[in-house]
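Subject: Structure for you, with notes

Hello,

Here is the structure you are taking over. Please open it first, then read my notes below.

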Amino acid sequence: MNLSDSQTAGPVPRRVSAMEAVLNHLRGAIERGDYAVGDKLPSEAELCRRLEVSRPVLREALRALQTMGLTVSRTGKGTFVVSDGAVADPTFGDYAASDLLEVRRHVEIPVAGYAALRRTPEDLDHLTHLLERMERETDTTAWVAMDTLFHLAVAQAARNPVFRRVIEEIRDALARQSAFLNELGGRREQSNREHRAIVEALVDSSEQDAAEAMAHHLARVETTLTTIVRPAHRTPPSRTDATGTAEHTEHTEHTEHTESTES
């Protein structure tokens, strides 16, 4: 069983990205105690050399570790371990995930309903165009940017400037959370399907269907987030000890290659 098999949960197998393979390796090392609380991780250059990945891939993994509450980056000093277990409530920018989800449930679900009743033909054209671009997009950064635009567009269609202002306020946090979920939860295709259900409800002017589609979307976001941050001990310690960095490095190198050919 390779790293993809041991680290990926869910009924449909998915390819593990290079960043996710590096993150799983470092997270496992921290949770096993290979890097104890208070320890400084090796330098970026050293980790890139050991894991045979590019610096951008490594930095994405290090940012994810920090989001999970496992490490902290200190300017000019390096990255230090601050916990041996991921926090249940990671922070995205200025806001905790639980706070974001609570606000989104109370704002975006009724907003979708209002949008179904108040949307204009121009709103539908804009949302449909965005959705089609998102369904074609393979680059995570570009997709995440359009994801936030999609939710802003739904708020705009509700014809209440306060709703749009609320989404604008949390826009950066939403983008960070979206990138996190898509890199580690493989949510892009599922999100596209959920977004399409929302748009179809708006087209039908169905307040109930739009609210239910948005509620389902937010529930899936919460489920994926919970799956990512739960303890990652899925591989028996004996196998991890036996294979060590070599297995992770081999897979990381392979996934980085496949990722580059797909994007």
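First, a term for how open a residue is: buried means under 20% relative accessible area, exposed means over 50%, and partly exposed is in between, with a 1.4 Å probe and protein chains only.

Now the ground rules. This is a predicted model, so local features need pLDDT of at least 70, side-chain atom pairs count only at pLDDT 80 or more, and totals for chains, interfaces and linings use all residues. Residues are numbered from 1 along each chain as its sequence is written, and side-chain values use heavy atoms, with hydrogens and water left out.

**Confidence**

pLDDT is the predictor's confidence in each residue, from 0 to 100. The protein averages 84, and 81% of the residues score at least 70. Residues 1-12 have a pLDDT below 50, and this stretch has 22 contacts in the model beyond near neighbours in sequence. A contact means heavy atoms within 4.5 Å. Residues 233-263 also stay under 50. For that stretch the model has 50 contacts beyond four places in sequence.

**Salt bridges**

Side chains of opposite charge can pair when their charged atoms come close. A salt bridge here is a side-chain nitrogen of Lys or Arg within 4 Å of a carboxyl oxygen of Asp or Glu. The structure holds 15 of them.

Start with E44 and R59. Their closest N and O atoms are 2.8 Å apart. E44 lies in helix α3 (residues 44-51) and R59 in helix α4 (residues 55-67), so the pair ties together parts that are 15 residues apart in sequence. Helices are DSSP runs (H or I, at least four residues), and strands are too (E, at least two); they are numbered from the N terminus. R59 is partly exposed, because its relative accessibility is 37%. E44 is partly exposed as well, at 27%. E44, R55 and R59 are linked in a network of salt bridges.

Next, E135 and R196. This salt bridge has its closest N and O atoms 2.8 Å apart. E135 sits in helix α6 (residues 121-136) and R196 in helix α10 (residues 188-203), so the pair ties together parts 61 residues apart in sequence. E135 counts as partly exposed at 36% relative accessibility. R196 counts as partly exposed at 32%.

Then R27 and E31. Their side chains meet in a salt bridge of 3.2 Å, N to O. Both residues lie in helix α2 (residues 18-32), four residues apart, about one turn of the helix. Are they buried or exposed? R27 counts as buried at 4% relative accessibility. E31 counts as buried at 13%.

**I228**

R27 turns up again here. I228 touches R27, M68, F180, L181, L184 and G185, leaving out residues up to four places away in sequence. I228 lies in helix α11. I228 counts as buried because its relative accessibility is 9%. I228 and L181 are 47 residues apart in sequence, but 8.1 Å apart in space, C-alpha to C-alpha.

**Cavities**

On a 1 Å grid over the protein atoms alone, a cavity is a set of points where a 1.4 Å probe fits but cannot get out; lining residues have an atom within 4 Å of a point. Points are joined across faces, edges and corners, and a volume is the space filled by probe spheres set on the points. The structure holds two cavities of 30 Å³ or more.

The largest cavity has about 120 Å³ of space. Of the 14 residues that line it, R104, D147, S178, H217 and V221 are closest to its centre. Which helix gives the most to this lining? α9 does, with five residues. The lining has four nonpolar, seven polar and three charged residues. Nonpolar covers Ala, Val, Leu, Ile, Met, Phe, Trp, Tyr, Cys and Pro; charged covers Asp, Glu, Lys and Arg; polar covers the others, Gly among them.

Look at S178. Helix α9 holds S178. S178 counts as buried at 6% relative accessibility. S178 touches W143, V144 and D147, again leaving out residues up to four places away in sequence.

The second largest cavity has about 30 Å³ of space. E108, V111, H151, V154, A155, I167 and M214 line this second cavity. α7 gives the largest share of its lining, three residues. By class, the lining has five nonpolar, one polar and one charged residues.

Best wishes

Terms used:
1 Å grid on protein atoms, 1.4 Å probe; cavity = no way out; pocket = protein on both sides within 12 Å on 5 of 7 lines; lining within 4 Å.
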